[in-house]
Number of protein chains: 2
Amino acid sequence: MSTRRVRARRGEGALLREEILRAAEDLLTEAGTEDALTLRAVARRAGVSTPSVYLHFADKDALVEAVCMRVWDELGRLFTGNLGGDPFLALGRCARAYARFALDHPVQYRVLMLRPSAAPGVPPAAETAFRHMVAAVAACVETRVFEGDPEELALGLWSAVHGCVSLLIAQPAFPWPRDREALIDHIVRQAGFGAAVYSRLPGTLPPSKELAARLDEFGARLAAVPDEPSRRQSSP
Amino acid sequence: MSTRRVRARRGEGALLREEILRAAEDLLTEAGTEDALTLRAVARRAGVSTPSVYLHFADKDALVEAVCMRVWDELGRLFTGNLGGDPFLALGRCARAYARFALDHPVQYRVLMLRPSAAPGVPPAAETAFRHMVAAVAACVETRVFEGDPEELALGLWSAVHGCVSLLIAQPAFPWPRDREALIDHIVRQAGFGAAVYSRLPGTLPPSKELAARLDEFGARLAAVPDEPSRRQSSP
DNA sequence: GCCGTCAAGTTGACGATGTCAATCTGAGGT
DNA sequence: ACCTCAGATTGACATCGTCAACTTGACGGC
């Protein structure tokens with residue numbers, strides 16, 4: 001691993017970039033924290049001198065961001081792969097996929113989403129994630145299961161899912177329920193129905209106890225009609 | 001500021017602790033980022049030599065955590081101050097207060113909630129925040145506007161609010177709506193109704209288009225009865 | 001009034017890190 | 001055989017967290 005790397009041929013200097021990224025990625029996932037991502041450690045692992053990193057990355061932050069971004073297009077695939085069918089169900093699948101993705105790449109997620117971006121402007125990570133969410137929500141607005149501005153609705157859903165995985169990632173010592181998958185399921189459905197119900201609320205509502213009674217009645221009315229018995233469930 | 005501090009009298013060594021905390025706090029809020037919190041900078045500002053910090057804090061992380069914790073009991077006051085009256089309304093006020101608190105102390109919030117805690121175990125910050133949330137939710141379960149396990153429900157609400165402020169803090173360049181207060185309002189209500197509705201859902205639901213129709217009907221049924229016209233609104 | 005003690009605080013140093021200017025090296029065209 | 005310049009290295013700098021060893025001076029006792 002620490003054998004000195006053979007110099008790249010002319011015109012193939014960019015090869016080093018890839019090797020540095022790989023070395024950095026390995027360091028990150030092996031150590032499980034971005035503190036292990038030292039320029040010196042990365043360079044050593046790539047079999048190269050430390051300042052060589054600067055041939056391909058402006059500074060350390062650029063390297064870290066590039067490393068974390070490497071995994072991010074997987075998120076796009078997860079989203080598009082989960083579209084299709086009932087939009088409300090698809091949205092739920094997308095949200096769950098998003099959460100699973102975050103938990104599968106906790107370090108990358110934390111670096112990209114839980115830190116003030118070094119570069120100014122909207123970080124591409126947040127941009128793409130949000131765009132996908134908005135698209136899935138817009139489809140639900142189309143079928144009228146949601147009502148209102150897709151971006152506004154998506155912000156609520158995104159907040160819920162992002163909040164949940166952020167807490168899971170940043171507070172691992174918290175007494176979480178054993179079944180993370182079930183927790184995420186719970187959060188996603190709760191947020192999904194919140195979005196569905198919220199836009200239909202009248203400005204004025206009854207006080208709590210009366211509201212509770214009407215909600216009870218509502219639950220019964222939501223059940224599937226008997227002529228669609230095959231469907232397991234239709235909630236996100 | 002850089003005048004050498006007069007030595008404390010015997011038995012009053014702990015005075016320095018307070019001065020160091022104050023200096024560190026000022027640095028943090030002035031610079032707006034925890035990178036400015038250097039042991040050397042703190043010591044210089046406190047008029048003291050750098051290693052003196054170690055007389056009162058085990059290491060840098062301990063200092064940073066102590067600084068951020070200093071502001072955290074304010075959160076408890078905000079919560080208890082917003083209790084009383086209709087529990088559903090109170091919960092909404094608490095959630096909004098939580099969000100406002102986070103946005104008022106973005107650096108502290110990020111350090112305490114968006115970072116892997118250096119010390120093992122549950123960080124007191126997350127613990128207290130969650131306990132308060134659970135208590136407010138439990139009151140709503142009491143009036144039956146929520147149904148189910150308060151902790152489970154609170155996790156959903158906490159996720160939504162925490163997710164929203166996390167995004168606001170960590171992604172300031174994102175094209176947020178101008179009115180942050182309104183955004184938070186939106187998120188809180190959306191999450192609140194999600195929690196209220198979720199636990200009442202039957203296992204099987206109709207497909208999107210039918211669900212949409214029933215939701216429309218539901219909105220109308222939720223409106224306040226005419227004999228309670230004075231109440232502005234009863235949503236969190 | 002002097003003194004010894006011990007809490008309170010400082011000195012100086014170490015290793016590690018990000019970064020940069022200056023330098024070297026050697027593959028490939030002529 | 002030689003030149004060129006992309007590809008990479010050397011050596012250094014400032015800054016950081018941290019520590020062992022040292023100094024200072026307030027205070028109780030004589």
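Where in chain B does B:Arg144 lie? B:Arg144 sits in the loop between α7 (124-142) and α8 (150-170) of chain B. Helices here are DSSP runs (H or I, at least four residues), strands likewise (E, at least two), numbered from the N terminus.

This is a predicted model, where local features need pLDDT of at least 70, side-chain atom pairs count only at pLDDT 80 or more, and totals for chains, interfaces and linings use all residues. Residues are numbered from 1 along each chain as its sequence is written, chains are lettered from A and ligands numbered from 1 in the order in which they are written, and side-chain values use heavy atoms, with hydrogens and water left out.

**Arg144 in both chains**

B:Arg144 has a positive phi of about 65°, although this residue is not a glycine. Its relative accessibility is 39%, so B:Arg144 counts as partly exposed. The classes are buried (under 20% relative accessible area), exposed (over 50%) and partly exposed (in between), with a 1.4 Å probe and protein chains only.

In chain A, A:Arg144 also shows a positive phi of about 65° and is not a glycine. A:Arg144 lies in the loop between α7 (124-142) and α8 (150-170) of chain A. The relative accessible area of A:Arg144 is 39%, which is partly exposed.

**Salt bridges**

How many salt bridges does the structure hold over all chains? The count is 29. A salt bridge is a side-chain nitrogen of Lys or Arg within 4 Å of a carboxyl oxygen of Asp or Glu. Three of these pairs are listed here.

| Pair | N to O distance |
|---|---|
| A:Asp216 and B:Arg144 | 2.6 Å |
| A:Glu210 and A:Arg214 | 2.7 Å |
| B:Glu147 and B:Arg144 | 2.9 Å |

Take the A:Asp216 and B:Arg144 salt bridge, at 2.6 Å. A:Asp216 lies in helix α10 of chain A and B:Arg144 in the loop between α7 and α8 of chain B, so the pair joins two chains. A:Asp216 is partly exposed, at 27% relative accessibility.

B:Arg144 also forms a salt bridge with B:Glu147. B:Glu147 is partly exposed, with a relative accessible area of 27%. Elsewhere, salt bridges that share partners join A:Arg144, A:Glu147, A:Arg200 and B:Asp216 into one network.

Why are A:Glu210 and A:Arg214 separated by about one helical turn? They are four residues apart in helix α10 (residues 208-222) of chain A, which means a separation of about one helical turn. Within this pair, A:Glu210 is partly exposed at 26% relative accessible area, whereas A:Arg214 is buried at 15%.

**A negative surface patch**

Which residues gather in a patch of negative charge on the surface? They are A:Asp35, B:Asp59, B:Asp61 and B:Glu65. Patch members have over 30% relative accessible area and no salt bridge; like charges are joined within 9 Å, and nonpolar side chains (Val, Leu, Ile, Met, Phe, Trp, Tyr) within 5 Å. Asp and Glu count as negative, Lys and Arg as positive; His and the chain ends are not counted. Each charge is placed at NZ of Lys, CZ of Arg, CG of Asp or CD of Glu. Accessible areas come from the Shrake-Rupley method with a 1.4 Å probe, and for residues only the protein chains shown count as cover.

A:Asp35 lies in the loop between α1 (14-31) and α2 (39-45) of chain A. At 64% relative accessibility, A:Asp35 is exposed. B:Glu65 lies in helix α3 (residues 60-69) of chain B. B:Glu65 is partly exposed, with a relative accessible area of 31%.

**A buried leucine**

B:Leu168 belongs to helix α8 of chain B. Buried or exposed? B:Leu168 is buried, at 2% relative accessibility. B:Leu168 and B:Ala14 are 154 residues apart in sequence, and their C-alpha atoms are 37 Å apart in space.

**Annotated segments of chain A**

UniProt, in an unreviewed entry, places "domain: HTH tetR-type" at residues 14-75 of chain A. UniProt positions follow the numbering used here, feature names are shortened, and annotations may be inferred rather than shown by experiment. Over residues 14-75 the chain is 61% helix and 0% strand, with end C-alpha atoms 26 Å apart.

The unreviewed UniProt entry also places a "DNA-binding region" at residues 38-57 of chain A. Over residues 38-57 the chain is 35% helix and 0% strand, and the end C-alpha atoms are 14 Å apart.
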